[in-house]
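Visitor: I have a structure open and would like to learn how to read it. Where do we begin?

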Amino acid sequence: MEDNYLTITTIDGEEIKYKILCVFYMERTGKNYVLYTDENEEKNSDNSTNVYAAIYYPDDDTRIDEVSTNEEWEEIAKVIEKLGEGEEK
């Protein structure tokens, strides 16, 4: 992760660049998370921005992991909602 962008290499070796929206630490899980979107902030069918989430490791910026629990997704949804409120203002 550098310059507010995240590059993910697919299983086929294709590199995809994403724009980082925010990073945060969830005390409940003891993990760091990154929220990101398509580089061009493409909209989905209901005209909202696609937002993705992953677990990231501050000491190893070459590694991210999938979010796997409902508890994590519930907390992430709250952060995404707050981000959306900030855009409306």
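**Reading the core, the sheet and the rings**

Guide: Begin with the largest nonpolar core, which has nine residues: C22, F24, M26, Y33, L35, A53, I55, V67 and I76. A nonpolar core is a set of buried Ala, Val, Leu, Ile, Met, Phe, Trp, Tyr and Cys residues joined through side-chain atoms within 4.5 Å. Buried means under 20% relative accessible area, exposed means over 50%, and partly exposed lies in between (1.4 Å probe, protein chains only). The model is predicted: local features need pLDDT of at least 70, side-chain atom pairs count only at pLDDT 80 or more, and totals for chains, interfaces and linings use all residues. Residues are numbered from 1 along each chain as its sequence is written, and side-chain values use heavy atoms, with hydrogens and water left out.

Visitor: Which elements give two or more residues to this core?

Guide: Elements come from DSSP runs, numbered from the N terminus: helices are H or I with at least four residues, strands are E with at least two. Here strand 2, strand 3 and strand 4 (52–57) each give two or more residues. Strand 2 has the largest share, three residues.

Visitor: What is V67 in contact with, leaving aside neighbours within four places in sequence?

Guide: Contact means heavy atoms within 4.5 Å. By that rule V67 is in contact with Y33, A53, A54, I55, E72, W73 and I76. There is also a second, separate core of seven residues, and it includes L6, Y18, Y36 and Y56.

Visitor: Now the sheet. In what order do the strands run?

Guide: The general idea: strands of a sheet pair through backbone hydrogen bonds, either parallel or antiparallel. The working rule is that two strands pair if DSSP finds at least two bridges between them. In this model five strands form an open sheet in the order 1-2-3-4-5, with antiparallel pairing. Strand 1 (5–9) and strand 5 (60–65) each have a single partner strand, so one side of each edge strand has no neighbour in the sheet. From one strand to the next, the twist averages 45 degrees. Axes for such angles are lines fitted to C-alpha atoms (for helices, over the stretch in contact), and angles run from 0 to 180 degrees between N-to-C directions.

Visitor: How many bridges join strand 3 and strand 4?

Guide: Five, in the antiparallel sense.

Visitor: Which charges sit over rings?

Guide: The test is NZ of Lys or CZ of Arg within 6 Å of the ring centre and within 35 degrees of the ring normal. The charged end of K17 sits over the ring of Y5, 4.6 Å from its centre. R63 lies over the face of Y57, 3.9 Å from the ring centre.

Visitor: And N32: buried or exposed?

Guide: N32 lies in strand 3. Its relative accessible area is 18%, so N32 is buried. Not counting residues up to four places away in sequence, N32 touches F24, Y25, A54, I55, Y56 and P58.
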